[in-house]
Amino acid sequence: MSSQVVKPEQQVDEQNDSRTFQYTRKRGYDITRDPHLNKGMAFSLEERLQLGIHGLLPPCFLSQDVQVLRVLRNYERQKCDLDRYILLMGLQDRNEKLFYKLLSSDIERFMPIVYTPTVGLACQQYGLAFRRPSFKARRGQVHAEEDTSLSARRL
């Protein structure tokens with residue numbers, strides 16, 4: 001990986017039309033796999049070219065508003081709250097910007113799903129809801145095996 005910082009993705013704040021930049025050295029698949037950087041199909045052509053993700057995404061562009069509508073449609077198709085929770089947690093693990101935009105669009109509707117009581121049900125049925133470690137858990141936290149081996153060496 002090059003040590004050169006690539007030009008950032010641009011985010012437009014629709015309320016005051018100010019542009020914010022997020023600098024990253026990541027390129028290609030690393031951008032699409034990082035939920036903090038991933039915007040799904042909302043990346044512009046310029047961003048796709050600069051970040052090396054052109055060709056890794058479908059050849060159309062969808063605003064976050066349109067993506068929210070698509071997620072809402074899938075959300076409504078879910079038969080129970082646990083399925084809705086799994087859908088939303090999967091979204092959070094792929095695209096945090098879209099996840100929080102969706103939550104803030106109707107906080108009273110989504111909080112019972114991502115918080116109590118549904119999160120309690122998800123804990124009880126952890127094996128059904130667990131898909132893969134969250135991005136935060138994969139980012140360098142000490143894992144149980146490493147922790148045990150470090151403790152054993154100290155004794």
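Helices (H or I, at least four residues) and strands (E, at least two) are DSSP runs, numbered from the N terminus. With that in hand, welcome to a predicted model, in which local features need pLDDT of at least 70 and side-chain atom pairs count only at pLDDT 80 or more, while totals for chains, interfaces and linings use all residues. Residues are numbered from 1 along each chain as its sequence is written, and side-chain values use heavy atoms, with hydrogens and water left out. The protein has 10 helices and two strands, and from the N terminus on its elements run β-β-α-α-α-α-α-α-α-α-α-α.

**Overall picture**

- Of the 155 residues of the protein, 31% count as buried, where buried means under 20% relative accessible area, exposed over 50% and partly exposed in between (1.4 Å probe, protein chains only).
- Contact means heavy atoms within 4.5 Å; among contacts between residues at least 6 apart in sequence, 53% join residues at least 24 apart.

**A loop with a cis bond**

- Pro117 lies in the loop between α6 and α7 (118–124).
- The peptide bond that joins Thr116 and Pro117 is cis, with omega about 5°.
- As background, most peptide bonds are trans.

- A note on the geometry: axes are lines fitted to C-alpha atoms, for helices over the stretch in contact, and angles run from 0 to 180 degrees between N-to-C directions.
- Angles under 35 degrees count as roughly parallel, over 145 as roughly antiparallel, 65 to 115 as roughly perpendicular and the rest as oblique.
- For residue classes, Ala, Val, Leu, Ile, Met, Phe, Trp, Tyr, Cys and Pro count as nonpolar, Asp, Glu, Lys and Arg as charged, and the others, Gly among them, as polar.
- Helix α3 (residues 64–77) and helix α4 (residues 81–94) have axes that come within 9 Å and cross at roughly 155°, which makes α3 roughly antiparallel to α4.
- Here Val71, Asn74 and Tyr75 of α3 meet Arg84, Leu87, Leu88 and Leu91 of α4, a contact with five nonpolar, one polar and one charged residues.
- The axes of α4 and α5 are 6 Å apart, at an angle of about 135°, so α4 and α5 are oblique to each other.
- On the α4 side of that contact are Leu88, Met89, Leu91, Gln92 and Arg94, and they meet Glu96, Leu98, Phe99, Tyr100 and Leu102 in α5; by class there are seven nonpolar, one polar and two charged residues.
- Between α3 and α5 the angle is about 70° and the axes are 10 Å apart, making α3 roughly perpendicular to α5.
- Residues of α3 in this contact include Asp65, Val68 and Leu72, and those of α5 include Lys97 and Lys101.

**Nonpolar cores**

- A nonpolar core is a set of buried Ala, Val, Leu, Ile, Met, Phe, Trp, Tyr and Cys residues joined through side-chain atoms within 4.5 Å.
- The largest core has 17 residues, and Tyr85, Leu88, Leu91, Phe99, Leu102 and Phe110 have the most contacts inside it.
- At least two residues of this core come from each of α3, α4, α5 (96–105) and α6 (107–114), with the largest share, five residues, supplied by α4.
- Apart from this core lies another, of six residues, among them Leu37, Phe43, Ile53 and Leu57.
- Leaving aside neighbours within four places in sequence, Phe99 is in contact with Leu88, Met89, Leu91, Gln92 and Val114.

**A residue to look up: Asp65**

- Asp65 sits in helix α3 and is partly exposed, with a relative accessible area of 36%.
- Asp65 and Ala42 are 23 residues apart in sequence, with their C-alpha atoms 9.3 Å apart in space.
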